[in-house]
Amino acid sequence: MVEKSQVPGITRRLLSLMAVAWVHTATGWTAQTNNYYVDANSVSPQSPYTNSDHAATGIVEAVCQAEADWNPGTHFLVLVNDGTYHLTNQITITKSIILRSVNGQSNTFINGNYPAATNRCVEITGNATFEG
């Protein structure tokens, strides 16, 4: 048996990580991801917006659905397809949800409709992420 003092620190850390990975794989312990889809041109929007065939036509609807479904230990991702999204209400994210443009900020736009509706498009609190 090899003494702990004979194993370099980096090797001990690597062995620890390997043990965690093995437990993760052997027990099937994985974090579930719930995806919600938004497409301004969706022809058949249907709650809960969990597949692209029934994507929400507005970001607010998909975020609200993700917030309602949210539970700890699960990853929540709202994927927004290319287009311009005109808001009637502010997008408010209070849970650990990622709001992500599918093809980046040069292809997806949020129009706050100021002064008719709101001049603040997105309010994020908690551990939410806004990407693109």
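Modeller: Let me start with S101, which lies in strand 5; helices (H or I, at least four residues) and strands (E, at least two) are DSSP runs, numbered from the N terminus. Residues are numbered from 1 along each chain as its sequence is written, and side-chain values use heavy atoms, with hydrogens and water left out. This is a predicted model, in which local features need pLDDT of at least 70 and side-chain atom pairs count only at pLDDT 80 or more, while totals for chains, interfaces and linings use all residues.

Biologist: Is S101 buried or exposed?

Modeller: S101 is buried, because its relative accessible area is 8%. Buried means under 20% relative accessible area, exposed means over 50%, and partly exposed is in between (1.4 Å probe, protein chains only).

Biologist: What does the side chain of S101 reach?

Modeller: It reaches the backbone oxygen of G104 at 3.0 Å. The side chains of S101 and T108 are also joined by a polar contact of 2.7 Å. A polar contact is a pair of N or O atoms within 3.5 Å; within protein, one must be able to donate a hydrogen and the other to accept it, and residues adjacent in sequence count only if both atoms are side-chain atoms.

Biologist: And which residues does S101 touch?

Modeller: Leaving out residues up to four places away in sequence, S101 touches V80, T108, E131 and G132. Contact means heavy atoms within 4.5 Å.

Biologist: Which residues are on the covered face of strand 5?

Modeller: I97, L99 and S101 form the covered face, while I98 and R100 form the uncovered one.

Biologist: What sheet is this? Which order do the strands have?

Modeller: The sheet is open and has four strands in the order 1-2-5-8, with parallel pairing. Its edge strands are strand 1 (32-38) and strand 8 (129-131), each pairing on one side only. Neighbouring strands of the sheet are turned by 15° against each other on average, direction ignored. Two strands pair if DSSP finds at least two bridges between them. In general, strands of a sheet pair through backbone hydrogen bonds, either parallel or antiparallel.

Biologist: How many bridges join strand 2 to strand 5?

Modeller: Five, and the two strands run parallel. In strand 5, S101 is the bridge partner of V80. On to strand 8: three bridges join strand 5 (residues 97-101) to it, again with parallel strands. There, E131 is the bridge partner of R100.

Biologist: What packs on the sheet?

Modeller: Helix 2 (residues 59-69) does, touching strand 1, strand 2 (74-80) and strand 5. The direction of helix 2 makes about 160° with that of strand 1. Axes are lines fitted to C-alpha atoms, for helices over the stretch in contact, and angles run from 0 to 180 degrees between N-to-C directions.

Biologist: Which residues of helix 2 are buried?

Modeller: I59, V60, A62, V63, Q65, A66 and E67. What covers them includes strand 1, strand 2, strand 3 (83-86), strand 4 (91-93), strand 5 and strand 6 (108-111).

Biologist: Different topic. How many disulfides are there?

Modeller: A search of the whole structure finds zero, where a disulfide is a pair of cysteine sulfur atoms within 2.5 Å.

Biologist: Where is T74 found?

Modeller: T74 is in strand 2. Its relative accessibility is 13%, so T74 counts as buried. The T74 side chain makes a polar contact with the side chain of N71 at 2.7 Å. With residues up to four places away in sequence not counted, T74 touches Q32 and N34.

Biologist: What about V122?

Modeller: V122 lies in strand 7 (residues 122-124) and counts as partly exposed because its relative accessibility is 22%. Residues up to four places away in sequence aside, V122 touches Q90, I91, I110 and F130. G112 is ten residues from V122 along the chain, and their C-alpha atoms are separated by 9.0 Å.

Biologist: Now the whole chain. How many helices and strands does it have?

Modeller: Two helices and eight strands. From the N terminus on, the elements run α-β-α-β-β-β-β-β-β-β. Of the 132 residues in the chain, 26% are buried.
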